[in-house]
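Let's walk through this structure together, one piece at a time. Keep the sequence and the 3D view side by side as you read.

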Amino acid sequence: MDAGTFAGVKARLQHQYTNNSIEYVKKAMDFGARLKTKVTTLSSPDALADLEIPGRFPYDSGGARPMAVSPVTQEATCTVCGTCAGVCPTAAISIDESVATRIELCIRCCACIKNCPTNARVMEDSAWKAIATWLNENCSARKEPHIFVD
Ligand code: SF4
Ligand code: SF4
């Protein structure tokens with residue numbers, strides 16, 4: 001992609017992002033206005049009707065599954081610049097003659113991957129890659145906010 005094409009794509013994405021943000025703010029303001037009307041016109045707190053809200057409830061117990069996974073460093077392309085250690089929010093990365101990562105501290109935020117100037121930080125774990133693929137396939141489409149005020 002040449003510089004002109006890149007600039008065009010960037011401008012289009014920024015425009016789309018700004019339009020989406022304005023739309024979401026409008027929806028949030030509309031929700032606030034409807035909520036205010038609802039609350040200020042209630043005869044009493046007991047007059048609130050039970051809302052039927054779709055969704056998966058009760059939620060699965062257990063929360064997030066622990067994973068002993070972190071990005072790794074490809075030594076062939078690592079320049080030991082230390083950028084990854086500087087951006088890691090949990091101090092999981094230390095730099096000596098090479099890059100060391102403490103998996104137990106990693107929260108898999110991928111800041112080290114995004115900021116590595118030589119793309120030497122990568123996620124190689126196959127289970128993680130499978131999750132990323134699933135998310136890309138199932139969660140890439142835009143979802144509209146659902147607002148429930150009866
Ligand atoms: S940011 Fe990339 S190149 Fe720099 S030390 Fe970390 S892995 Fe190596
Ligand atoms: S993924 Fe986030 S928490 Fe884990 S090593 Fe990289 S920057 Fe640190």
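Start at C106: skipping its neighbours within four places in sequence, C106 is in contact with S70, T90, A92 and T101. Two residues are in contact when their C-beta atoms, placed from the backbone, lie within 7 Å.

Before going further, a word on what you're looking at: this is a predicted model, where local features need pLDDT of at least 70, side-chain atom pairs count only at pLDDT 80 or more, and totals for chains, interfaces and linings use all residues. Residues are numbered from 1 along each chain as its sequence is written, while chains are lettered from A and ligands numbered from 1 in the order in which they are written. As for pLDDT, that's the predictor's confidence in each residue, from 0 to 100. Its mean for the protein is 84, and 83% of the residues reach 70 or more. Residues 1-6 are another story: pLDDT stays under 50 there, and the model gives them 1 contact beyond four places in sequence. Where pLDDT is low, the predicted coordinates should not be read in detail.

Now for the overall layout. The protein has 4 helices and 4 strands, taken as DSSP runs numbered from the N terminus (H or I and at least four residues for helices, E and at least two for strands). Along the sequence they follow the pattern α-β-α-β-β-α-β-α. Among contacts with a separation of 6 or more, 60% join residues 24 or more positions apart.

What about the inside? A residue is buried if 20 or more other C-beta atoms lie within 10 Å of its own, exposed if 12 or fewer, and partly exposed in between, with C-beta atoms placed from the backbone. Buried residues make up 9% of the 150 in the protein. The largest nonpolar core has 9 residues: C84, C88, A92, I93, V99, C106, C112, C116 and A120. Such a core is a set of buried Ala, Val, Leu, Ile, Met, Phe, Trp, Tyr and Cys residues joined through C-beta atoms within 7 Å.

C88 is buried because 22 other C-beta atoms lie within 10 Å. Not counting residues up to four places away in sequence, C88 touches I93, A111 and C112. C88 and C112 are 24 residues apart along the chain, yet their C-alpha atoms are separated by 6.2 Å.

That brings us to the ligands. A residue is near a ligand if its C-beta atom, placed from the backbone, lies within 6 Å of it. Around ligand 2 there are 16 residues, of which C88, C106, C109, A111 and C112 come nearest. Around ligand 1 there are 13, with C78, C81, T83, C84 and C116 nearest.

Two loop residues deserve a look. A91, between α2 (83-87) and β2 (93-95), has a positive phi of about 55° although it is not a glycine. A91 is exposed, because it has 9 other C-beta atoms within 10 Å. C110 also has a positive phi, about 70°, without being a glycine; it sits in the loop between β3 (99-101) and α3 (111-115). Most residues other than glycine have a negative phi.

Finally, where does α4 lie? Of its 14 residues, the number buried is 0, so α4 lies largely in the open.
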